[in-house]
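I opened this structure for a first look and kept notes as I went. Here is what I looked up, entry by entry.

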Amino acid sequence: MRWSPAEFHQPAGADVLCTLCPHGCRLADGAIGACRVRRRRGEGLETATFASATWHLDAIERKPFYHFLPGTRALTLAAPGCSFACDYCQNYRISQVGRLPELPWSAEPVEPEEVAAAAAAQGAAIALSYSEPVLAAEMTLALAAAARPRGVPIVWKTNGFVTLDALARIAPCLSAVNVDLKAPDEARHRALTGAPLAPVLAALAALVRAGVWVEVSTPLLPGVNDDPASLRLMAQMVARSGETIPWHLLRFTPEFRMRGEQPTSPQALGDAVAIAREAGLPYVYVERALGPEGRATRCPRCGEEVVARGIWCTLRTSLGAGLCPGCGESIPGRWRSSPWQSTASSSTFPT
Amino acid sequence: MAEYRFVEHLPDLIHPDDYAGDPAGRRVRIQVRVTEQGIEVLGDAMRPAAIERLLEALGAERIEQMLCG
């Protein structure tokens, strides 16, 4: 673990206040924040997140992004750590480093120029995912500085737990963000994650206002958010943030502290899609359980399939400049300029 | 204790239809292969902990896993 100077802090009496996430840790000299990857040193802060435990080149659809440069790959980095401690986390071996003593630090320092050059050579975006990218804000800024001249977009898969001040600095560096919406109210969000919900919704709205492409993901968690009333509330939250925001509904996998529950059934995922559509969301997706139709983008006006996807890949788009070829309806997203078909064998990804 | 490594891709052995056929989520699939380096066991499960316990019990020194996201 290598500590390097951090930004996003200010004096607070004898303490230093971390201004990156809404936990707002006030730190005495030497103290470590709730995230376990930022600490005070002297009058400033240091971060351990200028590092990555992964260097994965995979499909942008895996993050998931369905309306952002379909068919693109993403060079995915992950600095260990998270501001949440979700009971269901499938990535706890990387997200909960520092909280669980048995988990090793597995990240290596990152050289932004090297990452940006590698992404550019592959025609890939740079993604920060798997753990919490907000905590890697300094690395994001440095990656953006190296990536911008090369035309490489930066994307995040995040819990959205970031202060609006910090987001104002970071958002211009981001081309797309997928935000997790995990619970329909404050009490359940706190119980699940250890953090309040309101800052997540505020960040979601701020990202939309800033012009960043936004998609939302929600895992259906037994006893937390998978009942119809909760799903309806969350669908309404997404719709209030933007009526055309794509919403990804994810199967719950029994893991970490929720190993006693059952995985989400295909029926439950189908029912959740119906609830989301009733709430007015036209772009609702399920990766696997509902087959190709669950992954397809259809024009909300004429019903034509405008993007066909396999598992973790786009097969083809018929959009020209984001317009439905059937009726001319504008489909929101950051699309390729003309219709596109994958040349990769779809047999790699069973449907 | 096995060392866990995060890898870009592992083949799926559990498929969407499995979830409808096993609502309790107990299904585990393994594929064993002899390679020049030794024995490779590929596993997939609806409950990741099930396959991890199995691999650790088999004495795996290194376990590769995919991450979510």
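I then looked up who takes part in their contact: 13 residues come from domain 1 of chain A and 19 residues from domain 2 of chain A. I sorted the domain 1 side of chain A by class and got 8 nonpolar, 3 polar and 2 charged residues.

A reminder to myself: this is a predicted model. So I checked the confidence next. Chain A has a mean pLDDT of 96, with 98% of its residues at 70 or more. Residues 345–351 of chain A are another story, with pLDDT below 50. I still found 12 contacts for that stretch in the model, beyond near neighbours in sequence.

Next, the two chains. I looked up their contact and noted 24 residues from chain A and 17 residues from chain B. On the chain A side, strand 8 (56–59) and helix 1 (92–95) are the elements that give two or more residues. Strand 8 of chain A gives the most, with 3 residues. By class, I noted 9 nonpolar, 8 polar and 7 charged residues on the side of chain A that touches chain B.

Where does Glu255(A) sit? I found Glu255(A) in the loop between strand 15 (247–250) and helix 8 (266–278) of chain A. Is Glu255(A) buried or exposed? Glu255(A) counts as buried, because it has 20 C-beta neighbours inside 10 Å. Leaving out residues up to four places away in sequence, Glu255(A) touches Tyr88(A) and Gln90(A), and also Pro48(B) and Ala49(B) of chain B. I also checked Glu255(A) against Leu181(A): they are 74 residues apart in sequence and 19 Å apart in space, C-alpha to C-alpha.

Last entry: helix 5 (residues 186–193) of chain A. Which residues of helix 5 of chain A are buried? I listed His189(A), Leu192(A) and Thr193(A). After helix 5 of chain A comes Gly194(A), with a positive phi near 85°.

Methods:
Residues are numbered from 1 along each chain as its sequence is written. Chains are lettered from A and ligands numbered from 1 in the order in which they are written. This is a predicted model: local features need pLDDT of at least 70, side-chain atom pairs count only at pLDDT 80 or more; totals for chains, interfaces and linings use all residues. A residue is buried if 20 or more other C-beta atoms lie within 10 Å of its own, exposed if 12 or fewer, and partly exposed in between; C-beta atoms are placed from the backbone. Helices (H or I, at least four residues) and strands (E, at least two) are DSSP runs, numbered from the N terminus. pLDDT is the predictor's confidence in each residue, from 0 to 100. Two residues are in contact if their C-beta atoms, placed from the backbone, lie within 7 Å. Ala, Val, Leu, Ile, Met, Phe, Trp, Tyr, Cys and Pro count as nonpolar, Asp, Glu, Lys and Arg as charged, and the others, Gly among them, as polar.
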